[in-house]
Amino acid sequence: MSKRVAILGASGYTGLELIRLLLRHPEVEITALGTRQEENPHVSEVHPQLTGQLDLRLEPLTAEQLAERADSVFCCLPHAASAEAVAQLMEHELDVVDLSADYRLRDKDVYEKWYGVTHPDAGRLPSAVYGLPELYRNQIKASHLVANPGCYPTSAILALYPLLKAGLISPAGINIDSKSGVSGGGRTPKPAFHYPECNESLMAYGVGAHRHMPEIDQMLTEAAGESVEVLFTPHLVPMDRGILSTCYATPVGDVDTEGLMACLRETYADEPFVDVVDKPPTTKHVAFTNRCHLTARVVRGRALVISVIDNLIKGASGAAVQNFNLMQGYKETTALI
Ligand SMILES: NC(=O)C1=CN([C@@H]2O[C@H](COP(=O)(O)OP(=O)(O)OC[C@H]3O[C@@H](n4cnc5c(N)ncnc54)[C@H](OP(=O)(O)O)[C@@H]3O)[C@@H](O)[C@H]2O)C=CC1
Ligand SMILES: CC(=O)N[C@@H](CCC(=O)OP(=O)(O)O)C(=O)O
């Protein structure tokens with residue numbers, strides 16, 4: 001049976017990608033698009049790319065209205081604003097995929113330290129599932145609230161989790177050097193993302209303080225079975241979309257390139273969206289797809305894993321559709337490439 005789906009924050013970049021993906025989904029009808037804009041703009045005014053594809057207006061929507069018009073909601077709002085909305089949606093027994101970071105960190109104190117705000121819905125943290133299907137497929141299937149992972153964490157966790165779990169790399173001294181296209185910052189304008197600021201320029205940001213660090217720590221600690229504290233440094237690259245993470249670690253014992261690659265290949269052999277590749281991948285190899293490409297090497301006694309995703313698809317809206325498919329019992333790959 002098809003599902004009625006609403007998208008909150010539909011005017012943003014992840015909202016646009018979700019609409020594009022869901023228009024191709026045979027089991028979905030998009031019935032409501034949320035905004036704070038009182039003028040109720042038509043979706044084709046907000047996203048001219050969708051002209052002729054969807055006849056719907058964006059509108060401010062209450063949880064009551066959403067409960068009448070939808071079965072599932074994708075929440076594409078900024079942190080904190082998202083949890084305020086999700087709390088009400090859950091009261092109305094809607095299924096939710098939250099693209100913000102509000103339900104990713106299991107410890108409320110860690111969230112409040114790194115995000116600098118009081119968690120609006122901390123009581124619900126234990127019932128949310130971290131939405132990385134490659135790790136939590138069965139839990140996602142049984143969940144009504146999925147916390148879609150961060151874009152950088154998706155790239156780093158898929159690269160490092162299996163190697164830590166297999167004991168092939170040391171939990172100490174992991175370094176993650178990541179680069180993102182500018183759409184990672186969303187459509188809401190910010191000075192550093194203004195064209196003359198970021199074009200023809202490279203910038204490290206959030207150095208030692210980026211909020212994806214504790215998210216990566218949380219998941220890699222689980223993989224290693226002991227505390228992991230990574231050094232994660234993101235960089236802004238003057239391109240529209242894509243993330244490349246180069247992850248450095250210390251190999252354990254005499255593990256070599258073949259050992260790392262064999263572990264990744266075995267882990268992801270049956271995964272529909274993770275490919276272990278021989279040559280170093282580029283962001284263009286996965287652009288506009290829900291795929292992650294990985295490769296690993298041991299060089300001069302150091303291990304490195306290179307991971308690429310499209311931040312807006314596998315790093316956000318594609319992963320959200322993958323999670324939605326699992327929650328609703330649809331084929332996991334529906335509407336995704
Ligand atoms: N961009 C990316 O690559 C990724 C983004 N994410 C996360 O997904 C979520 C959406 O991101 P993205 O689409 O890029 O963001 P955008 O800034 O592009 O869109 C967010 C939308 O939310 C609405 N909004 C903004 N501020 C508020 C507020 N205070 N209260 C309610 N609504 C608000 C705005 O819509 P309007 O003005 O119409 O109300 C805006 O268009 C964020 O939590 C982001 O961190 C996650 C992974 C990757
Ligand atoms: C280039 C850029 O700005 N990227 C964003 C991360 C992408 C994202 O939105 O992730 P969350 O869902 O965790 O917010 C940033 O560094 O904040």
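Predicted model: local features only at pLDDT ≥ 70, side-chain atom pairs only at ≥ 80, totals over all residues.
Let me start with an open sheet of seven strands, ordered S9-S10-S8-S11-S14-S13-S12, in which the pairing is mixed; strands here are DSSP runs of E of at least two residues and helices are runs of H or I of at least four, both numbered from the N terminus, and two strands pair if DSSP finds at least two bridges between them. Strand S9 (203-204) and strand S12 (274-276) are the edge strands, and because each has a single partner strand, one side of each has no neighbour in the sheet.

Residues are numbered from 1 along each chain as its sequence is written, and chains are lettered from A and ligands numbered from 1 in the order in which they are written.

Helix H10 (residues 257-268) lies across S12, strand S13 (292-299) and strand S14 (302-309), and runs at about 160 degrees to S13; axes are lines fitted to C-alpha atoms, for helices over the stretch in contact, and angles run from 0 to 180 degrees between N-to-C directions.

The other sheet I want to show is an open one of seven strands with parallel pairing, in the order S3-S2-S1-S4-S5-S7-S6. Strand S3 (58-59) and strand S6 (129-130) stand at its edges, each with a single partner strand, so one side of each is left without a neighbour in the sheet. Two bridges join S6 to strand S7 (residues 145-147), in parallel, and valine 129 has valine 146 in S7 as its bridge partner. Helix H1 packs on this sheet, touching strand S1 (3-8), strand S2 (28-34) and strand S4 (72-75), and its direction makes about 165 degrees with that of S1. Helix H11 also packs on the sheet, where it touches S1, S4, strand S5 (95-98) and S7, at about 155 degrees to S5.

Now the domains, whose bounds come from an automatic or database domain assignment: domain 1 covers 3-149 + 315-328, and domain 2 covers 151-310. In the contact between them, 18 residues of domain 1 meet 19 residues of domain 2, a contact being two C-beta atoms, placed from the backbone, within 7 Å. On the domain 1 side, H11 gives the most, with five residues.

Of the 28 residues around ligand 1, Gly9, Gly12, Ser100, Gly186 and Arg187 come nearest, where a residue is near if its C-beta atom, placed from the backbone, lies within 6 Å. Helix H1 (13-23), helix H4 (81-91) and helix H11 (313-328) are the elements that give two or more residues to that shell, and H1 gives the most, with three.

Finally, the residues around ligand 2 include Ser100, Cys151, His212 and Pro234. That shell has four nonpolar, six polar and no charged residues, counting Ala, Val, Leu, Ile, Met, Phe, Trp, Tyr, Cys and Pro as nonpolar, Asp, Glu, Lys and Arg as charged, and the others, Gly among them, as polar.
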